[in-house]
Amino acid sequence: MTTSDSPLTQDALKTLVGQAALHYVEPGSIVGVGTGSTVNKFIDALAGIKDRIRGAVSSSEASTQRLRALGIEVLDAAEVPSLPVYIDGADEIDAHGYMVKGGGAALTREKIVAALAERFVCIVDESKQVATLGRFPLPVEVIPMAAAQISRRFAQLGGTARLRLAGDQPLVTDNGQRILDVTGLAISEPLAFESQVNQWPGVVTVGVFAHQKASVCLLGTAQGVQTIAY
Ligand code: 5RP
């Protein structure tokens, strides 16, 4: 697929930003690694310099598998006190570096690993840029017994929550929980919204990344990779 104003496919843009993110990997360091198709491009590029890093802390079983298959050591997040950089994609990013994440259902571990890092480098193609968060259905990881209660709370805010399925069964996250995808929200105050939803009983993590926002965005465009610092 090509975007209307770009001769490059979306996949090619993902490859470009995945490769550009190598610039932020410090020699001899442990790298925080996100989840998704854009991060997969980064992992593939990282394999080319694997002898120059100590290893990675991963945000999902899927990324862990890919890292290990390429010979990159994966360390336990509990054993690593801090990371210089965390590299991940996003489903949306606004002009402040606030993001919506969780399209790959890995939002909780993504937020945990991001919180270990001094810098969050977000890698996206230009289709992910938005003026206001909320165009993409907002992923929320929840404890199953709270899903209906949390859905009602979103309805009071004007949203519609749907349980994410894998085939005809509820999707089960790496943490054994469920995902609600919420449409119909315009998230004009991401910091306040994230704090509010995170304190509802049964919410594991809301997919707004405002407290863990991007420090830098590498944006794949028809003109090449644009670097935006926040
Ligand atoms: C996974 C995520 C991903 O970063 C997000 O869904 C973007 O994925 P992709 O690079 O495949 O578009 O948050 O939970």
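Me: What makes β4 and strand β7 a pair?

Reply: DSSP must find at least two bridges between two strands for them to pair. Here 5 bridges join β4 to β7 (residues 117-125), so they qualify. The two run parallel. One of the bridges has Asp88 with Cys122 in β7 as its partner. Strands are DSSP runs of E, at least two residues; helices are runs of H or I, at least four; both are numbered from the N terminus. This is a predicted model, where local features need pLDDT of at least 70, side-chain atom pairs count only at pLDDT 80 or more, and totals for chains, interfaces and linings use all residues. Residues are numbered from 1 along each chain as its sequence is written, and side-chain values use heavy atoms, with hydrogens and water left out.

Me: How many bridges join β1 to β4?

Reply: 2 bridges join β1 (residues 30-33) to β4, again in parallel. Gly32 stands opposite Tyr86 in β4.

Me: Why is β4 called mostly covered?

Reply: Buried means under 20% relative accessible area, exposed over 50%, partly exposed in between (1.4 Å probe, protein chains only). In β4 (residues 83-88), 6 of 6 residues are buried.

Me: What makes Phe154 and Trp200 an aromatic pair?

Reply: Their centres are 4.9 Å apart and their planes 70°, so this pair is edge-to-face too. Phe154 sits in helix α5 (residues 147-156) and Trp200 in the loop between α6 and β13, 46 residues away. Phe154 and Trp200 are buried.

Me: How do you know that the charged end of Lys111 sits over the ring of Phe209?

Reply: The rule asks for NZ of Lys or CZ of Arg within 6 Å of the ring centre and within 35 degrees of the ring normal. Lys111 is 4.9 Å from the centre. Lys101 also sits over the ring of Phe209, at 5.5 Å.

Me: Which strands stand at the edges of the open sheet, and why?

Reply: The order is β9-β12-β8-β13, with antiparallel pairing. β9 (160-163) and β13 (203-206) each have a single partner strand, so one side of each lacks a neighbour in the sheet.

Conventions:
Rings of Phe, Tyr and Trp (its six-membered ring) pair if their centres lie within 6.5 Å; planes under 30 degrees apart count as stacked, over 60 as edge-to-face and the rest as tilted.
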